[in-house]
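Please keep the structure in view while reading.

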Amino acid sequence: MREIVRYPQRTGTEGPSRVNTPRPPDSRDRPARLTVGVVGAGRVGPALAASLQLAGHRPVAVSAVSDASLRRAAELLPDVPVVRPAEVLRLADLVLLTVPDDALPGLVEGLVETGAVRSGQLLVHTSGRYGTRVLDPALRAGALPLALHPVMTFTGTSVDVQRLAGCSFGVTAPDELRLAAQALVIEMGGEPEWIEEAARPLYHAALALGANHLVTLVAESMEVLRTAGVTAPDRMLGPLLGAALDNALRSGDAALTGPVARGDAGTVAAHVTELRRRAPATVPGYLAMARATADRALAHGLLKPELAEDLLGVLAHSGAAPAGPADDDTDGDER
């Protein structure tokens, strides 16, 4: 097993965080410490490799199949050869496995079975769902396993590299590799957050609940606003949602507001009636979030019990399948 470079651990007393300090302009001129390869040029892998390049490491190979992944590789990792996955592992000291979660176990097993994994090689996956256990076949082959999940949404463009500054990474690593994992995250501009192996699915579910569902909620809100005649729903929602997110992050449930938190049952009933008529696909989501909001508002003393009864009654009644055929005025092209 080759020797791993040990990086000093941050203690919090060194002064300003590196995240807030621009990388030196000559960082690309420093001798590379690790050769870096990417298996799976989706939105994440090329951005992480480009960030590691800024820190002095040297991308040497990337695997890509689709036209979109080839474009991403060309934009973010110009002049880096596109090769087969086994060749990526042959050339690189540090390999980023950036494939969809469900494809990761099969990829690891396949690489090991074909003898592509080398002893002493750092294998890093970026899945939120898995810790390092998914890399056990590679560990038995002598590889060094790390799980580094960037808590960020990616576009597949160069803007992602800048967005990594201050980004949290969910990190799972063997004790002997914790310093190496921490150093790699910091070099990419991120901040490590240690996640136990058993907690990875719950951790990932929490992120999906917040980020993925937020996109769905915002997209549906914009569609309904367009149906209501608003010409620039993004401009209308931007300040409102920005303030709501800031309030929620600062105050949690105390930031709840609106007709559900106030117990305005009549207003909620009117919402459901109009949504069912003009945007029926949004009704299940509206009702589910309204019930969850009511439960949280009631538990935290924001919703008065006497008002909660009428409100929950409206939500229960509204959740029943409507009688009769769908309204003929509904335009299926609205969605």
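Is arginine 250 buried or exposed? Arginine 250 is exposed, with a relative accessible area of 65%. The model is a predicted one, and the count of salt bridges in it comes to seven; three of these pairs are described below.

**Within a helix**
- Arginine 250 forms a salt bridge with aspartate 246, and the closest N and O atoms are 2.8 Å apart.
- Both residues belong to helix 9 (residues 233-251), where they are four residues apart and so are separated by about one helical turn.
- Aspartate 246 is partly exposed, its relative accessible area being 34%.

**Between helix 7 and the segment before strand 1**
- A salt bridge joins the side chains of glutamate 187 and arginine 33, with an N to O distance of 2.7 Å.
- Because glutamate 187 lies in helix 7 (residues 178-187) and arginine 33 in the segment before strand 1 (35-39), this pair ties together parts that are 154 residues apart in sequence.
- Glutamate 187 is buried, at a relative accessible area of 10%, whereas arginine 33 is partly exposed, at 36%.

**Between two loops**
- Aspartate 102 and arginine 129 form a salt bridge in which the closest N and O atoms are 3.0 Å apart.
- This pair links distant parts of the chain, 27 residues apart, with aspartate 102 in the loop between strand 3 (94-97) and helix 4 (104-113) and arginine 129 in the loop between strand 4 (122-125) and helix 5 (136-140).
- Aspartate 102 is exposed, with a relative accessible area of 66%, while arginine 129 is partly exposed, with a value of 37%.

How values were computed. Residues are numbered from 1 along each chain as its sequence is written. This is a predicted model: local features need pLDDT of at least 70, side-chain atom pairs count only at pLDDT 80 or more; totals for chains, interfaces and linings use all residues. Side-chain values use heavy atoms; hydrogens and water are left out. A salt bridge is a side-chain nitrogen of Lys or Arg within 4 Å of a carboxyl oxygen of Asp or Glu. Buried means under 20% relative accessible area, exposed over 50%, partly exposed in between (1.4 Å probe, protein chains only).
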